[in-house]
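Morning, everyone. Please take a look at the next structure, and then I'll walk you through it.

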Amino acid sequence: MAHPAVLDAPVARPALPKIPLRELAPFMIFGSMLMMVLLYFVGAEQGAVSVVGGSYVHEFVHDARHLLGFPCH
Amino acid sequence: MIRPLLIRGMLVGVVAAVLAFIVAKTLGESQVGHAIAFESARDAAEGTGGTEPVTRTVQSTIGLFTGLLAFGVALGGLFSLAYACTQGRLGALGARATAALVALAGFVGMYLLPDLKYPANPPSIGNPDTIGERTSLYFTMMLISLAVVIGGCVTARRFAARFGTWDAALLSVAGTVVIVGLAYYFLPRVHETPEGFPADVLWRFRVASLAVNATVWATIGLLFGALTDRAVRSAAAVASTGERGVGVTGSLVTTEA
């Protein structure tokens with residue numbers, strides 16, 4: 001990271017580099033898996049189905065789930 | 001190459017969660033409170049209901065924040081991966097515009113389109129017996145919306161050479177509207193708002209839900225774009241100084257991406 005002062009210099013913005021899809025593929029697969037787990041825990045755990053017993057997880061993040069728009073009880 | 005983007009995405013997600021918490025507290029919690037008052041009155045009249053394992057105070061503070069934080073950090077990380085796929089592939093667009101467009105697509109695909117079919121509901125709306133069905137319908141709708149939005153973006157890029165960027169974007173939006181409209185038409189409806197539930201509370205709750213989600217996505221998209229643009233420019237500045245001076249080679253590609 002450069003010194004902030006250099007940001008004031010009129011530097012033309014260079015074209016953004018493309019990251020090769022081959023490089024991205026494993027991250028995207030991992031990301032998709034993570035997304036499903038996330039959506040499951042914030043969105044569905046102890047609503048329709050349950051991994052952790054009881055309703056503690058459900059009740060703890062209750063308000064966030066409602067306000068984020070997920071179906072809840 | 002992806003490391004700095006992923007770290008930035010998750011940090012931006014934390015900021016998004018903090019701002020979303022403020023919006024949720026300001027706009028949302030009062031409506032949740034009204035809805036719970038309605039529910040308690042109904043339960044008392046029917047003689048049902050029971051003790052809750054988590055108090056309202058916990059739910060509306062630390063519980064709310066924990067849920068938003070988990071959601072924000074994960075979403076920020078996922079956003080950065082989507083950004084990494086998009087960067088450099090949208091013609092001459094810079095980091096800020098690219099990040100803003102990716103966030104807009106995410107907001108529309110993950111929240112707005114599914115929510116128009118199956119809107120957010122405050123507590124006391126919804127039959128517990130149908131939660132399984134409603135959950136799968138919501139996620140089905142989300143999956144369709146997300147797939148259609150991503151497909152629309154890719155198609156717009158493909159068509160751009162042939163029809164021009166503007167017309168290609170319009171065609172893709174039209175295609176998205178048609179497919180999502182068909183999904184709206186064929187997926188079953190849910191009518192579970194109880195008799196006598198105050199319409200104002202329902203409306204305000206849904207507006208609050210929209211505001212919370214818009215805050216998350218706008219913060220992630222705009223802040224991530226600003227920080228990435230800054231990093232790109234400072235890398236370019238270092239590179240140009242290097243070329244004039246000691247002749248440091250490499251630059252943006254190694255430093256930034």
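**A helix, a residue and an interface**

Let's start with helix 3 of chain B, residues 95-117. Helices here are DSSP runs of H or I, at least four residues long, numbered from the N terminus. This one has 23 residues and reaches 32 Å from first C-alpha to last, close to the 33 Å expected at 1.5 Å a residue. The expected span is 1.5 Å times one less than the number of residues. Helix 3 of chain B also has a kink of about 40 degrees, centred on B:Val108. That bend is the angle between axes fitted to the seven residues ending there and the seven starting there.

A word on the source. This is a predicted model: local features need pLDDT of at least 70, side-chain atom pairs count only at pLDDT 80 or more, and totals for chains, interfaces and linings use all residues. Residues are numbered from 1 along each chain as its sequence is written, and chains are lettered from A and ligands numbered from 1 in the order in which they are written.

Next, B:Val14. It lies in helix 1 of chain B, residues 3-46. Is B:Val14 buried, exposed or partly exposed? Partly exposed, because 14 other C-beta atoms lie within 10 Å; buried takes 20 or more, exposed 12 or fewer, and partly exposed is in between, with C-beta atoms placed from the backbone. Leaving aside neighbours within four places in sequence, B:Val14 is in contact with B:Leu69, B:Gly72 and B:Val73. Contact puts those backbone-placed C-beta atoms within 7 Å.

Last, the two chains. Their contact takes 43 residues from chain A and 55 residues from chain B. On chain A's side, helix 1 gives the largest share, eleven residues.

Note on methods: Helix = DSSP H or I, 4+ residues; strand = E, 2+ residues; numbered from the N terminus. Contact = placed C-beta atoms within 7 Å.
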